Amino acid sequence: RPVIVVHGGAWAVPDALAEVSVAGVKAATRAGNVTLMRGGGALDAVEVAVRTMEDDPAFDAGHGAVLNTDGEVELDALIMEGRTLATGAVSSVRNIANPVSLARAVMEKVHSPPPPPPPPLPFPHAPLFCAACLYRLFTCERVKTSSAHLASPRAESVTLPKLHRDRGSCPEGGAMAGCNPTPVGSWAHDTVGAVALDSCGNVASATSTGGIRYKMVGRVGDSPVIGSGGYADNRSGAVSCTGHGESILKVTLARLILSHMDRGKAACEAVERSLRYMGERVQGGGGAVAVAPTGDWTACFTTERMAWAAIHGGILHY
């Protein structure tokens, strides 16, 4: 049976944003599930789900993206499907309403013989490519206005609590011992992402973000990096990651999770082991959603909160 799992980012979500964040991931999950129920593929479902969150100013992606040190918005995204391992990614693009769709356009329209893979689209070429593909563009002023109301809560320092997990097939119990509390400064943000399994057994992953608040111009985190911000392979499953980008990059978190699933671990255990390793090895916190080819799924995090939702067998979990 089809499955879709969505996250709105692992960070210290303030109380003022908690309700709208949960509402946002539920809406995104429902939108992706409609695609699956109409016979659409996993790739279509994750794109629709992530686009829904990019259009929601509650999240640090698309409309709600935070600003860099120059007061500009720079967006990163990736998308990947598990049947052929086709991928597309964009980094530091500006004035793009839905970078996840631009990433998919890169996957489908930018042809380059391997090796080398097509490079990330730099600004200002991305808007020209986007316009040619008939995708919406933003003015900088419009994006800044969308981000303004989120100026203060995301800049606060956070401390990593113990591991939290939510899942389809793991034993009951919401929290268990995980990373030791680790100060991580003001990196808090809320990358969005989705994974899905369709009725044909194909999996897909998508991740999108505006990055860390007041990041250096041109800074690229884990989100558009295949194997770190996300990965999908029909033989093992699909993962979308969120959290401290530099830490996720150092351990290639998405591939690390799937390596455990390749060795027979349940999705829940695979994510838990990987997040613990990241916490112990590089003192980084984060979260991930994952789905296996069997339909086994999980949403797990080591930060204070992570908005997530899933639909499996017609039942909404959140």
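The model is predicted, so to speak in pLDDT terms: local features need at least 70, side-chain atom pairs count only at 80 or more, and totals for chains, interfaces and linings use all residues. Numbering starts from 1 along each chain as its sequence is written, and side-chain values use heavy atoms, leaving out hydrogens and water.

**Exercise 1.** Describe how H7 and H8 pack, and which residues touch.

*Step 1.* Grab H7 (residues 253–262) and H8 (residues 267–282), both DSSP runs (H or I, at least four residues; strands are E, at least two).
*Step 2.* Their axes sit 8 Å apart at about 135°, with lines fitted to C-alpha atoms over the stretch in contact and N-to-C angles from 0 to 180 degrees.
*Step 3.* From H7, Leu253, Leu256, Ile257, His260 and Met261 make the contact (heavy atoms within 4.5 Å). On the H8 side you'll find Ala267, Ala270, Val271, Arg273, Ser274, Leu275, Tyr277 and Met278.

**Exercise 2.** Work out how H1 is oriented against H2, and which residues meet.

*Step 1.* The axes of H1 (residues 15–37) and H2 (residues 42–54) come within 8 Å and cross at roughly 155°.
*Step 2.* That angle makes H1 roughly antiparallel to H2.
*Step 3.* Now list who meets whom: H1 brings Gly24, Val25, Ala27, Ala28, Ala31, Gly32, Thr35 and Leu36. H2 answers with Ala42, Asp44, Ala45, Val48, Ala49, Thr52 and Met53.

Conventions
Angles under 35 degrees count as roughly parallel, over 145 as roughly antiparallel, 65 to 115 as roughly perpendicular and the rest as oblique.
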